[in-house]
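Hi,

Here is the structure I promised to pass on. Have a look at it first, and then read on for what turned up.

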Amino acid sequence: MAKKSKTAITPTREQDYPAWYQEVIKASDMAENSPVRGCMVIKPWGYAIWENIMHQMDAMFKQTGVKNAYFPLFIPLSYLEKEAEHVEGFAKECAVVTHHKLESDGEGGLKPAGKLTEPLIVRPTSETIIGESMARWTTSYRDLPILLNQWANVVRWEMRTRMFLRTSEFLWQEGHTAHATESEAKERTMLMLDIYTKFVEDSLAMPVIRGRKTVSERFPGADDTTCIEAMMQDKRALQAGTSHFLGQNFAKGSDIKFQNEEGTETFAWTTSWGVSTRMIGGMIMVHSDDDGLVLPPRIAPAHVVILPIFKKDEDRRTIMESAQGLKDALEEKQFHGRKIIVEIDDRDIGGARGWGWVKKGIPVRIELGPRDIEQNSVFMARRDNPSNQKQSIDREEFIDQITDILDNIQDSLFNRAVIRRKENTFEIDDKKEFYKLYQKSKGFNNGAFIMSHWCGSEKCEEKIKKDLSVTIRCIPFDSPTEEGRCICCDNPSSRRVLFAKAY
């Protein structure tokens, strides 16, 4: 009987995927649960990933004319009430502030005092509060378009939480724009989805399917919601980003009016779009393995770690000088607009040192000992390869090739994810086969991405959701028009949609 290989993370993905996910976060020192229920503490290694996401996406936004702003965390209840469908969509998740101070309860404790004349909602999203400002800033078509984004935190009170994927408070960016014409607003909606697609695929190495949400899955109050969906290793889907065409709904609620070129007063057309720290959770679940986190180089907090190896104290100075020289040479290079970042770890903790960096997911590990210095070489391991797979490489060659090595790792991770999705995406036309696949799929194998026909009925959509916990993730843009029969009711259908279990 073959001996099972030992893994750094237990349980493994196949043994218990949710527990594996939490252990990867813990072992990589990315985040931890907060004393505040449903919230998390993002530690430096995890926050550095978010900083890289912010910096890269922020530059992409600004290239299209978007400017950053900041709006209040608190939103008056009356603002949300202006848009009935919107408030209904978020009502169960809202945190509400009703008092503005604390006073002694006479028994050594504190109690709320100073009741507010109007309750304040802790920001679940900012359409209504930003709409109020847009209304004041807009009088003429010359004031448009308004292209805004804010990097902020939001609160959506969650009952079941999981770090990065679903927490009561999370970090995100939310873009909000106002336009003079419907076509311009629709164009902006798609432009931002294009940016999300490029970023997620190029920087996070996560292949996505682009499409449109069904009516029941749209953002509350939107005319249309577009999205990108990614497959996790357990075959579940994760919505990695959304861009919404809001029509004139929020403009009417917030009174965003302007005089057009013909001199007629009309309502603006608005959009909103956002991604969050949820993307980090997706990145973890797409790339990581049973030894820990695996980071795409373009988003990693550091690219290379140098592990000096010396058995004699007299070797220490020579090896550390060599390590510092290697670090300096590597950090003179640029990788996709960012300086290559190198860590030197000389802690005397034995094998735990190397395994620690494996679990943190750093793309390249370098061991540097006396023999390597004598041979002018380095001993290299790549995180996209098995942990015990290492190679000796000429030092100067390594310095010259480091950007190519990192690009190769990035491409390798993306291609793996593409192959995994392709191998687990099927077209199914038989209802029994469809139900059988999802009813038997549990744990690490949560089914697949299924492309099946749907008649457009919300009743069919809801029945499948109720029976199987499977939802229509999107109507893919590249799904061709073709004759078929609805997978649920057998009525005529003209297009396949994407079904999956989801986070």
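By class, what does the lining of the second largest pocket have in nonpolar, polar and charged residues? The count is seven nonpolar, two polar and seven charged. Before you go further, keep in mind that this is a predicted model.

The space in the second largest pocket comes to about 340 Å³. Strand E9 (209-212), helix H12 (395-423) and strand E22 (425-427) are the elements that give two or more residues to its lining. H12 provides the largest share, three residues. The lining has 16 residues, and those nearest the pocket centre are Ile209, Thr425, Met451, Pro476 and Asp478. Domain 1 (17-287) and domain 3 (425-500) each contribute at least three residues to the lining.

On the domains themselves: the assignment gives domain 1 (17-287), domain 2 (304-401) and domain 3 (425-500). The centres of domain 1 and domain 2, taken over C-alpha atoms, are 40 Å apart. Five residues from domain 1 and five residues from domain 2 make up the contact. Ile349 sits in the loop between strand E18 (342-344) and helix H10 (352-360), and it is partly exposed at 39% relative accessible area.

Which element gives the most to the lining of the largest cavity? That would be H5, with four residues. Helix H5 (127-137), strand E8 (169-179), helix H7 (249-254) and strand E14 (269-276) each supply at least two lining residues. Among the residues that line the largest cavity are Glu127, Met134, His176, Phe250 and Thr270. By class, this lining has five nonpolar, six polar and one charged residues.

Helix H13 (residues 431-440) is worth a look too. Its buried residues are Phe434, Tyr435 and Tyr438. Seen down the axis of H13, these buried residues fall within an arc of 90°, so they line one face of the helix. They pack against strand E23 (449-453), helix H14 (458-468) and strand E26 (492-500). The exposed residues Lys432 and Lys440 are on the face of H13 turned away from the buried side.

Most residues other than glycine have a negative phi, and most peptide bonds are trans. Here are the exceptions I noted:

- Thr10 and Pro11 are joined by a cis peptide bond, with omega about 0°; Pro11 is in the segment before helix H1 (17-27).
- The Leu144 to Pro145 peptide bond is cis, with omega near 0°; Pro145 is in the loop between H5 and strand E7 (146-155).
- Asn376 is not a glycine but has a positive phi of about 50°. It is in the loop between helix H11 (370-374) and strand E20 (377-382), and is partly exposed, with a relative accessible area of 34%.
- Ser469 has a positive phi near 60°. It lies in the loop between H14 and strand E24 (471-476), and is exposed, with a relative accessible area of 53%.

Cheers

Definitions and conventions
Residues are numbered from 1 along each chain as its sequence is written. This is a predicted model: local features need pLDDT of at least 70, side-chain atom pairs count only at pLDDT 80 or more; totals for chains, interfaces and linings use all residues. Side-chain values use heavy atoms; hydrogens and water are left out. On a 1 Å grid over the protein atoms alone, a cavity is a set of points where a 1.4 Å probe fits but cannot get out, and a pocket is an open set with protein on both sides within 12 Å along at least five of seven lines; lining residues have an atom within 4 Å of a point. Grid points are joined across faces, edges and corners, and a volume is the space filled by probe spheres set on the points. Ala, Val, Leu, Ile, Met, Phe, Trp, Tyr, Cys and Pro count as nonpolar, Asp, Glu, Lys and Arg as charged, and the others, Gly among them, as polar. Domain bounds come from an automatic or database domain assignment. Buried means under 20% relative accessible area, exposed over 50%, partly exposed in between (1.4 Å probe, protein chains only). The arc is that of the directions from the helix axis to the C-beta atoms. Contact means heavy atoms within 4.5 Å.
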